[in-house]
Amino acid sequence: MKLDVSGLHSGYGKVTILHGLNFVAEAGEITCVLGPNGAGKSTLMKTIAGHLPVDRGDIALDGVSIAKLNALQTTRTGIAYVPQEQNTFVEMTVRDNLLASALSFSDTGARIDNTYERFPILKERSNQLASTLSGGERQTLAVANALIGAPKLLILDEPTAGLAPIFVDRIVDWICELAESGITVIWVVEQNPEKILKISRTTWMIDAGRNRETLPSADLLQPGRLEEMLLQSH
Ligand SMILES: Nc1ncnc2c1ncn2[C@@H]1O[C@H](COP(=O)(O)OP(=O)(O)OP(=O)(O)O)[C@@H](O)[C@H]1O
């Protein structure tokens, strides 16, 4: 699925954060979003996911506008969103988290088994409350919760921030496989994005709620280029 955001204005009540932003995520590709703190990256993701209203502009999925849909309706179009925070049901066990995410499918058990096969750590932690998981385990659960519904477009807001390299590698491998299977991925990247830039084709840089530059992700892997781009933003 191709996502096309054009001239987007949105924000919080009367406070406008995005000022006419454009953004495209091509079908079956991993597209990165990069920018300094407070640039509006999460605001863009929340608006795409239907958690914030579109004030002006449009969001289209394969050419069909989804700008007026709420969060639930957006999920039904095949978009799954993993927010930066509060992305699991912390007072529920790992299994109940997965169960809740797979409830609307007839093959709930098979979906959970698949998840456990891929991430044995979640099976090991099956009866543990999500609140007691380590940061990496909880992020893994958050991504698993989103994927259990077999989305067509996956939005990840800094899913590997603060994680140990082993978890980063596993999540990167997993997302790479998903993109190869045809899922469109939008990845808001964090401080050390090299591993993700390597598997992404295009990066959109945003700053102060506006487009700054759109470039091949490989360009940002040139020595010093990333630092240069981020420094210019301040
Ligand atoms: N609920 C809210 N109410 C009012 N303003 C908000 C709210 N959430 C975020 N903002 C403001 O919107 C602006 C953009 O925030 P946003 O979280 O989208 O940035 P970001 O690029 O994701 O930053 P970071 O890299 O720090 O996560 C910031 O100035 C922030 O203070």
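This is a predicted model: local features need pLDDT of at least 70, side-chain atom pairs count only at pLDDT 80 or more; totals for chains, interfaces and linings use all residues.
Residues are numbered from 1 along each chain as its sequence is written.

Q: In what order do the strands of the open sheet of 6 strands stand?
A: Strands here are DSSP runs of E with at least two residues, helices are runs of H or I with at least four residues, and both are numbered from the N terminus. Two strands pair if DSSP finds at least two bridges between them. With mixed pairing, the order of this open sheet is E6-E7-E8-E3-E9-E10.

Q: Why is one side of E6 and of E10 left without a neighbour in the sheet?
A: Strand E6 covers residues 79-82 and strand E10 covers 210-216. One side of each is left without a neighbour in the sheet because both stand at the edges, each with a single partner strand.

Q: By how many degrees are neighbouring strands of this sheet turned against each other on average?
A: The angles are taken between axes, which are lines fitted to C-alpha atoms (for helices over the stretch in contact), and they run from 0 to 180 degrees between N-to-C directions. For the average over neighbouring strands of this sheet, direction is ignored, and the value is 15 degrees.

Q: What angle does the direction of H1 make with that of E7?
A: Two residues are in contact if their C-beta atoms, placed from the backbone, lie within 7 Å. Helix H1 packs on the sheet and touches strand E3 (30-34), E6, E7, strand E8 (184-188) and strand E9 (202-207). Its direction makes an angle with that of E7 of about 150 degrees.

Q: Which residue in the turn between E9 and E10 has a positive phi?
A: E9 and E10 run antiparallel and are joined by 6 bridges, with Thr202 standing opposite Pro216 in E10. The two strands form a hairpin with 2 residues between them, and the turn residue with a positive phi, of about 50 degrees, is Ala208.

Q: Which strands are the edge strands of the open sheet of 4 strands?
A: This sheet has antiparallel pairing and the order E2-E1-E4-E5. Strand E1 (residues 3-12) and E2 pair over 8 bridges, whereas 5 bridges join E1 to E4. The strands that pair on one side only are E2 and E5.

Q: Which element gives the most to the shell around the ligand?
A: A residue is near a molecule if its C-beta atom, placed from the backbone, lies within 6 Å of it. The residues that surround the ligand include Tyr12, Asn37, Lys41 and Thr43, and strand E2 (15-25) and helix H1 (41-48) each give two or more residues to this shell. The element that gives the most, with 3 residues, is H1.

Q: Is Gln86 buried or exposed?
A: A residue is buried if 20 or more other C-beta atoms lie within 10 Å of its own, exposed if 12 or fewer, and partly exposed in between, with C-beta atoms placed from the backbone. Gln86 is found in the loop between E6 and helix H3 (94-102), and its phi is near 50 degrees, a positive value in a residue other than glycine. Because Gln86 has 8 C-beta neighbours inside 10 Å, it counts as exposed.
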